[in-house]
Amino acid sequence: MKISQDAALVAHMTKWRRHLHAHPETAFEEVATSDYVRDLLESFGLQVHQGIAKTGVVATLTNGDGPAIALRADMDALDMVEHTNVPHRSTHDGKMHGCGHDGHMAMLLGAAKYLSENRHFNGTVHFVFQPAEENEGGGRVMVEEGLFDKFPAQAVFGMHNWPELPAGVMATKPGPLMAACDTIEIKITGQGCHGAMPHLGRDPVVIASELILALQTISSRIVNPQDAVVVSVTQINAGHTWNVIPEDVVLRGTVRSFRPEVRETLQSSIKRIVKGVCEAHGASFDLTYNAGYPATVNDPEQTEVCARAAIKTVGEDKVDLNPVSSMGAEDFAYMLEAKPGCYVWLGTGGTPGGCLLHNPGFDFNDGVLHIGTSYWINLVEEILGSDR
Ligand SMILES: [Zn+2]
Ligand SMILES: [Zn+2]
């Protein structure tokens with residue numbers, strides 16, 4: 001199925017996408033977004049449930065007694081100021097759909113509308129609109145609140161627009177596609193003193209400097225070079241003036257990995273190195289290691305199904321089945337921990353400095369709306385198709 005010829009549906013989706021872009025809402029506050037999505041889904045004749053994970057929406061379309069699957073889109077925007085001049089730019093100060101979740105909603109809504117009118121499938125499709133993908137783990141909350149108990153599904157599927165891929169190219173692969181994302185906070189407490197008399201104190205700035213470099217040996221000397229990891233100290237807070245050695249330093253950072261064993265190694269190595277460096281210099285420390293999103297891991301069998309749907313949508317030459325995984329993270333990972341499934345990237349052909357994710361100049365490429373929607377429809381017909 002290719003809906004590029006269905007000009008009316010493409011026009012609807014473009015209108016929905018631009019409305020959503022102009023009215024961005026962030027984590028668990030997607031109230032108007034949730035209502036907008038609900039109204040549309042109800043107008044398509046779907047059974048709609050609101051209120052899971054606060055603002056989450058699930059709409060169910062059943063045709064026959066075949067199996068059930070879930071398709072997911074995220075709804076939240078980002079806390080950032082939009083720098084575009086498009087007519088549909090954000091009307092909410094300091095909020096922006098800078099990650100294209102407006103496009104994700106429009107594509108899933110398009111699929112819901114089409115499938116409600118063209119029921120060439122036997123089974124149930126749950127259309128899942130989740131809140132708070134950025135940082136707050138709305139996907140986790142939905143699973144914890146019984147998403148798959150209330151809406152049983154044999155598999156779950158996700159899609160993200162991907163500006164680094166040319167428009168119309170799709171990519172996915174079995175195994176981890178996006179990384180696990182943890183955060184660290186390290187407070188090093190030394191002894192403050194006069195900047196000109198360092199021997200009278202215990203300088204936490206020097207200890208922090210040594211620690212930051214020592215942490216880099218985790219990726220270069222501790223983890224197998226075949227395993228991609230990131231340990232980045234991204235924040236250093238210390239001191240107030242140039243002639244006082246401060247009492248303490250606070251470091252913060254992000255830790256990324258793909259495999260659970262490697263994630264364990266990162267955590268234990270960080271603990272050992274922080275303890276060792278601080279003790280070597282007689283400083284005390286407080287380390288907080290926060291486990292964030294797990295890796296987004298695609299089920300091999302479901303990935304094959306998605307690959308077939310993608311090939312049907314854009315053709316074999318435009319489907320990349322061995323893309324380089326991203327060190328970015330995605331809370332769809334929690335749904336993939338609960339159910340087998342697959343996450344795919346849809347190329348939107350952004351240009352550096354302009355249309356990259358989380359860039360203030362970002363605007364979802366409406367030229368791919370019909371591709372994402374066709375993919376969803378093809379996927380449903382691939383799995384539940386009664387006329388294959
Ligand atoms: Zn994002
Ligand atoms: Zn996103």
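Author: Let's start with a word you'll need for the metal: donors are N, O and S atoms within 2.8 Å of it (3.2 Å for Na, K and Ca), and water is not among the atoms, so sites may look incomplete. The structure above is a predicted model, where local features need pLDDT of at least 70, side-chain atom pairs count only at pLDDT 80 or more, and totals for chains, interfaces and linings use all residues. Residues are numbered from 1 along each chain as its sequence is written, chains are lettered from A and ligands numbered from 1 in the order in which they are written, and side-chain values use heavy atoms, with hydrogens and water left out.

Reader: Okay, so which atoms coordinate the zinc ion (ligand 2), and at what distances?

Author: Cys-99 (SG), His-101 (NE2) and His-160 (NE2), at 2.1 to 2.3 Å. That's within 2.8 Å, so they count as donors. Along the chain they follow the spacing C-x1-H-x58-H. Cys-99 also bridges this ion and the zinc ion (ligand 1), and the two ions lie 3.2 Å apart.

Reader: Are Cys-99 and His-101 buried or exposed?

Author: Both are buried. Buried means under 20% relative accessible area, exposed means over 50%, and partly exposed is in between (1.4 Å probe, protein chains only).

Reader: Then why is His-19 called partly exposed?

Author: Its relative accessible area is 33%, so His-19 falls between the 20% and 50% cut-offs. You'll find His-19 in helix H1 (residues 7–22); helices (H or I, at least four residues) and strands (E, at least two) are DSSP runs, numbered from the N terminus.

Reader: What makes strand S3 (residues 68–74) largely enclosed?

Author: Seven of its seven residues are buried, so the rest of the structure largely encloses S3. Both faces are covered: Ala-68, Ala-70, Arg-72 and Asp-74 are on one side, and Ile-69, Leu-71 and Ala-73 are on the other.

Reader: Which strands pair with S3, and over how many bridges?

Author: Two strands pair if DSSP finds at least two bridges between them. Seven bridges join S3 to strand S4 (residues 123–130), so they pass, and they run parallel. In S4, Arg-72 has Val-128 as its bridge partner, and Ala-70 has His-126. S3 also pairs in the parallel sense with strand S5 (residues 155–162) over four bridges, where Ile-69 stands opposite Ala-155.

Reader: Why do strand S1 (47–52) and strand S15 (319–320) stand at the edges?

Author: The open sheet has eight strands in the order S1-S2-S4-S3-S5-S16-S6-S15, with mixed pairing. S1 and S15 each have a single partner strand, so one side of each is left without a neighbour in the sheet.

Reader: Last one: which residues touch the most other members of the largest nonpolar core?

Author: Leu-41, Phe-127 and Phe-129, out of 61 residues. A nonpolar core is a set of buried Ala, Val, Leu, Ile, Met, Phe, Trp, Tyr and Cys residues joined through side-chain atoms within 4.5 Å.
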